[in-house]
Every structure is written in C-alpha cells, then in structure tokens.
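Open the model in your viewer and keep the selection tool at hand.

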Amino acid sequence: MITEQAVSADERWGTYGAEEYADGVVAAMKLGGVDHLFFVSGSEIAFYQESIAKAQQRGWPAPKLYTVIHEGAAINAALGSAMVSGQPAASAVHVDVGTFNYGGGLHTAWRGPYPVLVMAGTGPRAYPGSMPGARNSLVQWVQEPRDQGEIVRQYTKVDHRLEHQDNPGLIVSRLLQVAMSEPKGPVYLTVPRETAMLPLPGSLRFPTRDDLGVATEAWPDPSVARRVAEWLVKAENPAIYPGKSGRNPEAVEALVQLAELLALPVVGGGRMDRLNFPTTHALYDTGPEPKDADVLLVLENPAPWMPPRQAPRPTAKIAWVDPDPVQSRYKTMEFHADVWMPATSAAALRAIYDAATGMLSQSDMSRIADRRARLETRKREIEARLEDAGQRAGNRRPIDPRWVGYQLGKIMEPDTIVLDDALSNSDNVQSYHRRTRPGTYFKSGGSSGGWGAGAAFGAKLARPQSDVILTTGDGYLMFGEPLAALWPAAHYKAPFLTVVFLNRSYSTGTTGLKSTYPEGTAVETGNSEGGVFDPPPNFAKLAEAANGYGETVYEPEEVGPALQRGLEATRKGSPAVVAVWLPTHVEEMALR
Ligand SMILES: Cc1ncc(C[n+]2csc(CCOP(=O)(O)OP(=O)(O)O)c2C)c(N)n1
Ligand SMILES: [Mg+2]
C-alpha cells in the first residue's frame, strides 16, 4: 500500500476518493474540465473503464467514457468537443500502435491548436506475477518502444510517462494547466498499467487544474497598442486579416467593436479557421487585397497571403497579433511585421480600441464615414452577385457545386454549427452559410484530411442543442475513417449531417496535377490515375452501415429537399450523410 504521505501532497489541496493511481488520473481530468473521454479499447488501458465505472457508482468525479472504434476518430472527437466547449477534452488509446493511429489528428491538434489531453497506455514491463498490472501476454514484449513519447513530441507542448513517484492527480492537473494556457495545445500522457494499478489508501490529495491556475491572457504594451491605433486611424486603405481569433467568442465581439469604430474591413476566406466576424456584416470581406492595403492588422493567422505575389507594399504598416510571439511554432517564416504583438486577439483588439477612441479628429471621422459608406455599397454589390450566381447555379446539369452551398445556406438556423472540410468547395460553403454567431463555423486549423467526421461528433456532444453540419470533400471524408465517427454518433445520439461534395476526385491529383505540369504528359494524354476514384464508394450505404440515414443526390432540384431530409433525420437522432453527385475535377475543368 502506498500511503498518502508517499505521494507528494500539500495541505491546501483537496482530497478525493481514490483506491489506485488510475482513480487520481480520472478525477483530475474531470475536475480540470474534461467532460468527454474518447476511448479506443486496449488490454493495457482497462483501468480507465474500471476507474470510471467505479467513479460512477461512488459519485466520484469522472468524465463520461465514449466507446470509439478508431483512434483517429477519437482524437478528432476530442478536438471537436474542445473547440466548441472551450474546455479540454481527452482521448485514451492502446499503447504505441494506438498512438500511431491518432495519425493526422495529432497534427491537427498541434496546428489547430487545441487544448486536449491525448493519452495512451504503454506496455507493462514488470516481471509476470510480480505486481498488479505486470506482463501477462506475449504481445507485451513486442509493444514496448524505446520512448513512446518520442512518437508525438513534435506535436505536443509536453509529454509525460506516469511513474510511481508521481502524484497522478497533480500530473494530470499540471498537463491540463499547460494545455489550457496560451499558446494552447495538446499534451500527451502515457500510463503504464502497473502504475495505473498502484494502490492508494482510499483517497488522494492533489491540486486541480484551477488550483494550479491557468495563465491569464497576455495583454499588449499600451504604447504599442497606441502606435497601431494611430496607423489604423490615419489609414486610407486598412484591412484586418483574422485566422483563428474567433476561437475565443470575446475576440469576435472585440473585433466587431474596433472594425465598426474605424470602418475597418475584415477579410475572410483563405485561412479563416473560425467564425472571426459576422459574415453578413457590411465590413466582412469587403476589404482590399493585401498588396493594396496601407495598414494591415493580422490576427492569429499563420500565413495570411502568398508571397511575393500578394505581399503588401514595402511602405505598408503591418501589425501582427499572436499569443505565440513571432509564431515560433512555425519554422520557415518570411513574413515580417512592423510590430509583433505577443497577445491574444481579444486583448490586443480591446487595447487598440481603447487607444483609438481618444485620438479621432474631425477629419479622421469624416474619412472613416466615407469609407464605411463605400464598403456598405460594396457589400450590397457582393451579396447581390452571390445571390444571382447561386440561383443561376441551380440551372446547371450536372449539378454545380455552388448550388450545394446555396441550398445549404437555406436550411441553417442561426445557431447551426458548420464544420468545413470542403476543400475546393469551401468557397461555395462560405459564400452562403451566413454565420454571424461566434462558435458557429470551424475549419480544422491544420492541413490533415480526416478531421471532420470525428470533430463533428465531438462538437455535437459539446453542443447538443444545435444542428451540426459537416461539409466535406469526398476524399477528406475518407481520410477520417467515417464509419468510426458515424457509429458512435448513432450510438450516443450525437447526430450530425454530413454533406459530401461527391466529385469522385482529389483536387490535388487533378487540378493540382495540371497546375504542377501544365504541359506534362499526364495532362496531354488525359491520364488522371491517382487523382480520380470513380465510381466512388457508396457514402449513403456507409451511413446505413453505421445505423444512420444516407442518400445520394443526382439532380439539382433534389439537392434542397435531400439536405432537408438529412437534417430531419439528425433531429430525430440519426447521423445522416447526403452525398451530392458532381462532375469530377477533370470533367469540371472541361465544363469551364
Ligand atoms: C491525411 C491527408 N492526406 C492527404 C492530403 C493531401 N490533400 C490535400 S487536399 C487533398 C484533396 C482532397 O480531396 P477531397 O476531399 O475530395 O476535396 P476536393 O479536392 O475534391 O475538393 C489531398 C489529398 C491531406 N491534406 N491530408
Ligand atoms: Mg473530391
């Protein structure tokens, strides 16, 4: 028996029921804000099941454990839950092999970035019979890597292997503290079975995440905020380029305030990974190209323009806001800024706003009023053009992908959450979704295909009262083991609608091939092997295989009704997949 004194303890810490180390791990997770643990079975991680079952019976704190059937879906579900709730989520999988199956989800967690606790068991190494949890299967000699943390080290803020001298509650709280402090990001914990099963005397004293304390937001130097405010106030052609700032709803509010005060257009599209600004607002997406702007404010956007073609003029003033100063998580960076503001967007925007309010002269205000009127007119023109293009798209046979975006816009409620993995069709989704509320539009934040279905499941768990719609390329959907996300969505009644742009091809292997080798043999001979998968898998049947609702749509007039049927199915509790049959990228190139 390990006495309480044997585990590090401080009198200020709370005492929680715990009979073995695993109970401390589980309790600290829940007390640290983790409601959802996405679990993929393994012989080394039965302690999570046992500990959570025990906690449920005894009324001890524990996250809810969800059975997920592939590790990629599990980690992406954790990302989806965390991005919607603003709280951490967790996943637990089998040893090194389960960790490998996290796959591209680890990249997404890091690049997103998402505050998630990513866990795995690790092969027991105690001599058989020598202690609880010791080796009892031949496979355990096979699954002991030299250093399991090394697999994920480039993609996490910190990693740790739980050991006997650790206080398990403290370690989990510490990991969650790190994950949740800016710049946020994933943390990795491996738990050897012998350690998980170390006995405790019925209770454990440890600090929660909040006892340790999550760092407050970094606030910019007021003199720097004043300098940026001066540039923006005096600018002729300013613009704001947000990327992920909307991950914090308060940053959306602060951006609206500043943009309205100075009539600053907010540029959308591109790397906009969150709803950063209401898309129906007159200042949304009416802004200049970076090369035409004289003052540019960049918010948590790793690469806002393509150099050198789109780069701002050398005389332009650039202010760049990011909680990770000079974006140190990205290696090669030729972007320069006149000031780098190491702050969160909400804090920087408020500071710039406060500084700007006190410095507006009469002539500034009249210049700003003129710009506001100009941008309002431009917005009305853009909206009219999009509406016209959307309606005209409905006349085309085969189905025009724009028509799918246009019809989707018609079935969404103001609080509908859109997860956008639509790749080459993302513009068609963004043009019509008309999202205005923070937390209603998400892209993955990374570049790994396969995020969408798992993330949509996690998002629905985190916000069950909202419809959740995943818009996805057919290729990206398949990267995400969709069966593994749809099955738990059906099982746990956390349904979402998947809208598949079924163009039976990858833009990378078709239009991308053509732009890489415009005069090449592959294009000349019409050889698109590697880029086209036609006839495609039957996605409607895939939905049925996961106990959900599915259909494939071939005619333009069927798109709207089919999307509506899919949404109705989700409202009745079933995940739904509506695949819209489109020309392949090769056929589409010939049509245009
Ligand atoms: C895991 C993973 N594999 C490969 C890629 C490379 N990739 C980027 S875009 C793309 C095409 C995706 O195809 P699809 O989802 O059908 O979208 P479409 O190009 O048709 O719009 C691919 C393969 C990736 N980003 N992630
Ligand atoms: Mg495709």
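A polar contact is a pair of N or O atoms within 3.5 Å. Keep that cut-off in mind while looking at this predicted model.

**Stop 1: ligand 1 and Gly-475.** Select ligand 1 together with Gly-475. One of the ligand's oxygen atoms lies 2.8 Å from a polar backbone atom of Gly-475, so the pair falls within the 3.5 Å limit.

**Stop 2: two side chains.** An N or O atom in the side chain of Asn-503 is 2.9 Å from an oxygen atom of ligand 1. For the side chain of His-585, the corresponding distance to an oxygen atom of ligand 1 is 2.7 Å. Of the 580 Å² of accessible area that ligand 1 has on its own, the protein covers 78%.

**Stop 3: the shell.** Now show the 17 residues around ligand 1; Ser-424, Asp-474, Tyr-476, Ser-507 and His-585 come nearest. Coloured by type, the shell has five nonpolar residues, 11 polar ones and one charged. Which helix gives the most to this shell? Helix α17 does, with four residues.

**Stop 4: the magnesium ion.** Select ligand 2, a magnesium ion. Its coordinating atoms are OD of Asp-474, OD1 of Asn-503 and O of Ser-505, at 2.1 to 2.2 Å. Along the sequence these donor residues follow the spacing D-x28-N-x1-S. Asp-474 belongs to helix α17 (residues 474-479), while Asn-503 sits in the loop between β16 (497-502) and α19 (511-516), so the pair ties together parts 29 residues apart in sequence.

**Stop 5: a last check.** Are Asp-474 and Asn-503 buried or exposed? Both are buried.

How values were computed
Residues numbered from 1 in each chain as written. Chains lettered and ligands numbered in written order. Predicted model: local features only at pLDDT ≥ 70, side-chain atom pairs only at ≥ 80, totals over all residues. Heavy atoms only, no water. Donors = N, O, S within 2.8 Å, 3.2 Å for Na, K, Ca; no water. Helix = DSSP H or I, 4+ residues; strand = E, 2+ residues; numbered from the N terminus. Buried < 20%, exposed > 50% of the residue type's maximum accessible area, 1.4 Å probe, protein only. Near = heavy atom within 4 Å. Polar contact = N/O pair within 3.5 Å; in protein donor to acceptor, adjacent residues only side chain to side chain. Areas by Shrake-Rupley, 256 points an atom, 1.4 Å probe, with all protein chains shown as cover. Nonpolar A, V, L, I, M, F, W, Y, C, P; charged D, E, K, R; others polar.
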